[in-house]
Each structure stands twice: as C-alpha cells, then as structure tokens.
Amino acid sequence: MAASNATGSPAIFLWWYPDGNIEKYDFFRIKLMETSSVCMENRPEPIPNRCNATLEELIGTEEGSCGYTPHRLETMYSLALGESMNDPEAIRSPAYQTLRNIKLSDVVMNEMMLKWMNRGIDTYGYDPREVVCEWAARHVGNENFLIDLLRFVPPGYPRNVQEAIFNESVVFAATAFAALTLLLVTMTAWSLFFYCNHPIMKRAQLSFLYQFLFGFMMLSVGAIMYTLPPSDASCVSRVWFELIGYTQGLVPLLLKVAAINRLLRNARRMRRVTITQAYLYKCQAVAVALVLIFLICWTIVDPWTKIE
C-alpha cells in the first residue's frame with residue numbers, strides 16, 4: 001500500500017472501516033451496488049485455474065457485481081479472563097467486564113487509527129498505547145465525555161482499600177485467655193520440677209509430662225500470635241507453633257496410652273513384653289521429624305502470607 005502510493009502505481013484491494021490508512025494515503029473508495037440476495041446468487045464461482053480463465057469468467061455478470069456483506073467484528077477473550085468472574089467479588093479483577101463495556105464509534109476509532117499510523121515511532125508497540133492515552137487525556141476536561149468514559153468502569157470500581165480492623169474486645173479477650181493458659185502451663189511445669197522426687201511424679205514419667213507441657217506451651221504462644229497484627233512472619237510462625245505444639249502435646253499421651261494397652265493385651269495372654277523409654281522417645285522423634293519436614297516444605301513452596 002505504501003509502495004503503490006509512493007510510486008503512483010495503480011492498486012486495488014479490499015478495504016474496511018474504520019481504517020486510518022485510507023486517510024493517510026491518497027486512495028479513494030470504489031462504491032459498488034448494495035449487497036442483495038440476487039447479487040450473491042449471481043456471483044461467479046471460484047475458478048480453480050485463474051491464470052487460464054478468460055476476462056469474462058473472472059468478472060462475471062452485472063447482476064453479481066455488488067459489495068460484500070458486512071461482517072460484524074467479534075472480540076475474543078482468553079478463557080482464563082472469563083473464568084476470573086467466578087472469583088470472589090472482593091478480589092475479582094474488573095478487566096473482563098471493562099472490556100465488555102468499552103464501546104467506541106467508528107469515527108473515533110478511525111481518528112485514533114490515523115494518529116497511530118502517522119506516529120511511526122513504535123508502530124506495533126508503544127504507539128497505539130500513546131494514541132489511546134492521548135485521546136482519553138484530551139477529553140477528560142469534557143464533563144459529558146468523562147461521564148461516557150466512566151461507563152466503561154464496572155459497578156463497584158475502583159475499590160476502596162480499607163485496612164481490616166480487629167474487634168478490640170475480642171482481641172483483648174483472646175490475648176488474655178492465651179496468656180492465662182501460658183501462665184498455667186508454666187506454673188504446672190514449675191510444680192513438676194519442685195515435686196520431681198515424689199513417687200507419683202516418678203511413676204508418671206517426668207520426661208513425658210515435660211514434653212506434654214512443652215507442647216501446650218507452644219500452643220499458647222501460637223494463640224498469642226493469632227491476636228497480633230497480621231504479617232508474613234506472624235502468619236508463618238502461628239502455623240509452626242500450632243502444629244509442633246499439638247505434636248508435642250498429644251503424641252506423648254498417645255504413645256503412653258498405646259504402651260499401656262499393649263501391656264494389658266499381652267498380660268491377658270500371659271506373654272512377657274518389654275517397652276523401653278528409648279523406644280517411646282524414638283516414636284516421638286519420628287512424629288516430630290515428619291511434622292518438621294512438612295512445615296519446612298510448606299514454608300518453602302507455599303508460605304503463608306498476609307492478604308491485603
């Protein structure tokens with residue numbers, strides 16, 4: 001198109017509107033008869049060997065000489081963009097609905113395309129963006145235009161970002177209960193240490209009692225972490241304290257219950273069984289190790305983060 005215009009060579013080609021090239025170059029439109037069903041029925045059939053066809057075969061009859069049927073432009077979207085409408089409304093992207101709302105007249109589109117073609121700096125990169133931004137900025141001062149432009153924006157946008165405010169009374173109560181639990185666990189641990197030589201304490205196996213209390217101490221710290229303002233560090237820490245605390249608090253209790261059941265079951269069958277503390281410690285260590293591996297992988301691959 002540019003070459004034929006520069007050399008003055010004749011050229012004929014299909015044209016559509018809007019198209020800024022017609023305004024940019026010295027071309028004029030050949031207006032044919034309006035499209036009709038009679039014209040479409042008399043159109044010449046496609047000729048396989050066009051090079052050997054006669055002029056009459058290529059041109060066809062006068063009844064079949066008319067313009068083409070207008071084709072409506074269709075806008076295609078990515079499937080993922082349409083599926084974003086299924087997201088929760090609070091975090092839903094307005095892109096899909098905005099694109100559906102945009103409607104520009106052919107005159108406006110033709111003017112923008114002409115400026116796009118005339119820039120010639122980065123034709124298929126920055127130029128179209130610059131033309132659109134310039135067009136919007138030029139009309140922002142027009143109140144009627146601004147109202148039309150705002151119609152492109154879906155209802156409910158732009159979003160007003162608001163910081164989540166915790167209910168102070170609930171936070172205070174949760175912190176108080178967590179601190180009270182931590183205090184009770186600490187006092188219980190001190191009592192165990194003070195009465196460590198008592199026969200009842202020795203038979204209860206102090207090592208398992210300390211592990212049990214240590215687990216619930218970590219749970220209390222994790223509960224306090226839940227009452228703090230959210231951050232990436234606190235989000236990760238609360239999960240670590242919670243899972244390790246439950247593991248340290250419940251696994252020793254389950255191991256002791258399982259050992260007692262094993263002793264009673266073998267006693268009914270008159271069988272001798274030996275269960276050492278080292279075996280129970282190994283089971284406890286395996287459980288804690290599995291939880292630590294899970295937490296490390298979780299923190300590396302998909303850590304908990306603060307959501308604004």
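I count a contact when heavy atoms lie within 4.5 Å. The model is predicted, so I take local features only at pLDDT of at least 70 and side-chain atom pairs only at pLDDT 80 or more, while totals for chains, interfaces and linings use all residues. I number residues from 1 along each chain as its sequence is written, and side-chain values use heavy atoms, without hydrogens and water.

**Ser4.** I took helices as DSSP runs (H or I, at least four residues), numbered from the N terminus. Ser4 sits in helix H1, residues 2-7. Setting aside neighbours within four places in sequence, I found Ser4 in contact with Ser9, Ala11 and Phe27. Is Ser4 buried or exposed? I call a residue buried under 20% relative accessible area, exposed over 50% and partly exposed in between (1.4 Å probe, protein chains only). Ser4 has 13%, so it is buried.

**Helix H8.** I checked the length of H8, residues 126-139. Expected span is 1.5 Å times one less than the number of residues. Asp127, Val131, Trp135 and Ala136 are buried in H8. They fall within an arc of 165° seen down the axis, so they line one face. I took the arc from the directions of the C-beta atoms from the helix axis. Arg129 and Ala137 are exposed on the face turned away.

**Core.** A nonpolar core joins buried Ala, Val, Leu, Ile, Met, Phe, Trp, Tyr and Cys residues through side-chain atoms within 4.5 Å. The largest has six: Phe208, Val251, Leu255, Ala259, Leu280 and Ala287. H13 (232-268) and H14 (277-301) each supply at least two. H13 gives the largest share, three residues.
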